[in-house]
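Here is a short briefing on one chain. Look over the sequence and the model, then read the points below.

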Amino acid sequence: MNASQIISEDMTLEEKLKAIDEAIAAAQNKAKIDANKNNTAFVPVDPSDLTMCEGCQ
């Protein structure tokens, strides 16, 4: 996912955060649909995991 496709410099902080939240929700929804199509389990990613090093997890 490319950040420049989601946010722009002329957006307020609130608009940027909302756009990011919506993009994450859309990606997770697509993953859930794909998992159902493939008859596999859907396990959502915790966004906080992306901010920690592997050793801290």
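Exposed means over 50% relative accessible area, buried means under 20%, and partly exposed lies in between, with a 1.4 Å probe and protein chains only. By that scale lysine 18, at 53% relative accessibility, counts as exposed. The model is predicted, so local features need pLDDT of at least 70 and side-chain atom pairs count only at pLDDT 80 or more, while totals for chains, interfaces and linings use all residues. Residues are numbered from 1 along each chain as its sequence is written, and side-chain values use heavy atoms, with hydrogens and water left out.

**Fold and dimensions**

- The chain has one helix and zero strands. The radius of gyration of the chain is 14 Å, well over the 10 Å that the globule rule gives for 57 residues, so the chain is more spread out than a compact globule.
- That radius is taken over C-alpha atoms, and the globule rule is 2.2 Å times the number of residues to the power 0.38.
- Helices (H or I, at least four residues) and strands (E, at least two) are DSSP runs, numbered from the N terminus. Helix α1 covers residues 13-37.
- The C-alpha trace spans about 40 × 30 × 15 Å along its principal axes.
- Glutamate 9 and lysine 37 are 28 residues apart along the chain, and their C-alpha atoms are separated by 37 Å.

**Surface**

- Of the 57 residues, 5% count as buried.
- The chain exposes about 5,000 Å², and carbon and sulfur atoms supply 55% of that area. Accessible areas come from the Shrake-Rupley method with a 1.4 Å probe; for residues, only the protein chains shown count as cover.
- Leu13, Leu17, Ile20 and Ile24 make a nonpolar surface patch of about 330 Å². Patches are made of residues with over 30% relative accessible area and no salt bridge; like charges are joined within 9 Å, and nonpolar side chains (Val, Leu, Ile, Met, Phe, Trp, Tyr) within 5 Å.
- Leucine 13 sits in helix α1. Its relative accessibility is 55%, so leucine 13 counts as exposed.

**Salt bridges**

- Side chains of opposite charge can pair when their charged atoms come close.
- The whole structure holds two salt bridges. The criterion is a side-chain nitrogen of Lys or Arg within 4 Å of a carboxyl oxygen of Asp or Glu.
- Lysine 18 and glutamate 22 form one of them, with the closest N and O atoms 4.0 Å apart. Both residues lie in helix α1, four residues apart, about one turn of the helix. Glutamate 22 is partly exposed, at 46% relative accessible area.
- Lysine 30 and aspartate 34 also meet in a salt bridge (2.7 Å, N to O). Lysine 30 and aspartate 34 are four residues apart in helix α1, so about one helical turn separates them.
- Lysine 30 is exposed at 52%, whereas aspartate 34 is partly exposed at 28%.

**Charge layout**

- The chain has 5 positive and 10 negative charges, and their mean positions are 10 Å apart. Lys and Arg count as positive and Asp and Glu as negative; His and the chain ends are not counted. A charge is placed at NZ of Lys, CZ of Arg, CG of Asp or CD of Glu.
- Glu9, Asp10, Glu14 and Glu15 gather in a negative surface patch.
- Glutamate 9 lies in the segment before α1 and counts as exposed at 76% relative accessibility.
- Aspartate 10 is also in the segment before α1, and counts as exposed at 68%.
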